[in-house]
Amino acid sequence: MVIIDGIVTLFLAGGLFFTFVGSIGLLRFPDFYTRLHATGKCDTLGAGLIILGLILYHLVHYSESFLVAAKLSFLMLFIFIANPTATHAIMKAAYQTGLVPWKLGDERK
Amino acid sequence: MKRGQRLFGISLTFGIMSLFWILLSGIFDGFHLISGAICCAIVALISHDLLVKGGAEKMVQKSLRLFRYIPWEFWQIVLANIDVAYRVLHPKMPINPCVIEFETPLRSDFALVTLANSITLTPGTITILVDPETGKFVVHAIAQAPADALLVDQTMQRKVAEVFFVEPSAGGQSAHP
């Protein structure tokens, strides 16, 4: 039980770390496109790890309600499909509006 | 043949919808199961062509290969996040963004979506534009190394092409009508 709780904590901490890094990247990176790199990728793994931890916790402590774990895994699946698609859609909108990507040596916007 | 394809699409949609109904309702008495079956049948009849396009040819092999592709993709996601975390937390921020273009022999919608989403999830690259007519991709890379991985190595293009039974170098030939 204690070992499982430790693994769950590790998953949650990892998820928190990547979500946090995503937020820092949003603040530090120089332009729209590079900021999307930080949020688009880190949110996927961050949310995925947190949900994975929740699934594990639920399966061990409330093993009688298996459906909740199944629903959570569906949530993870949809995040893994929807997040890159949404990132791509925002990116495409910006590119077609004519926003010029930041190049090394340019001034920060 | 056309009739068989339609029937296959309807039954596959019905199966997936029923699975969802049972998972999301979580109640297993007669009333809920029967009303679920009726709803699933209506949805499958009206909108099966949204979910299942084309016939059943090689569908099983494609799904099997897709399932072998997914673990590799997950590993790439982990690598991508470590890569982004390194670039974010490094005091000097080692980034050198560039926009690259390349063409693929893939034409079917599902194959293009898979490749585009894979590119977005893997280290340092995000898909900007996809042209379904010519298979042209415009990709924003955060540094030179990830751009070279797509332009020179082409590991990902080869893997996706293998999943969908497309010859990697035979630009153009595919199931596009």
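**Entry 1: a salt bridge in chain B**

I began with B:R87 and B:D83, whose side chains meet in a salt bridge, with 3.2 Å from N to O. I kept in mind that I was reading a predicted model. Why can these two residues be linked to a turn of the helix? They are four residues apart in helix 3 of chain B, which means that about one helical turn separates B:R87 from B:D83. I then looked up the total and found that the structure holds two salt bridges over all chains.

**Entry 2: the sheet of chain B**

Next I turned to the strands, and I noted that three of them form an open sheet in chain B, in the order 1-3-2, with antiparallel pairing. I asked myself which strands lie at the edges. They are strand 1 (98-103) and strand 2 of chain B, each of which pairs on one side only.

I went through the two pairings in turn. Strand 1 of chain B runs antiparallel to strand 3 of chain B and is joined to it by six bridges, and in this pairing B:I100 stands opposite B:V139 of strand 3. Strand 2 (residues 125-131) of chain B is likewise antiparallel to strand 3 (residues 136-141) of chain B, and six bridges join these two; here I found B:T125 opposite B:A141 of strand 3. Strand 2 and strand 3 of chain B make a hairpin with four residues between the strands, and there B:G135 takes a positive phi near 70°.

I wrote down one general point beside this: in a regular strand the side chains alternate between the two faces of the sheet.

**Entry 3: helices against the sheet**

I looked up what lies against these strands. Helix 2 (residues 32-61) of chain A lies across strand 2 and strand 3 of chain B, and it runs at about 105° to strand 2 of chain B. From chain B itself, helix 5 (residues 144-153) packs on the sheet and touches strand 1, strand 2 and strand 3 of chain B, with a direction that makes about 5° with that of strand 1.

Notes. Residues numbered from 1 in each chain as written. Chains lettered and ligands numbered in written order. Predicted model: local features only at pLDDT ≥ 70, side-chain atom pairs only at ≥ 80, totals over all residues. Heavy atoms only, no water. Pairing = 2+ DSSP bridges. Contact = heavy atoms within 4.5 Å. Axes fitted to C-alpha atoms, helices over the stretch in contact; angles between N-to-C directions. Salt bridge = Lys/Arg side-chain N within 4 Å of Asp/Glu carboxyl O.
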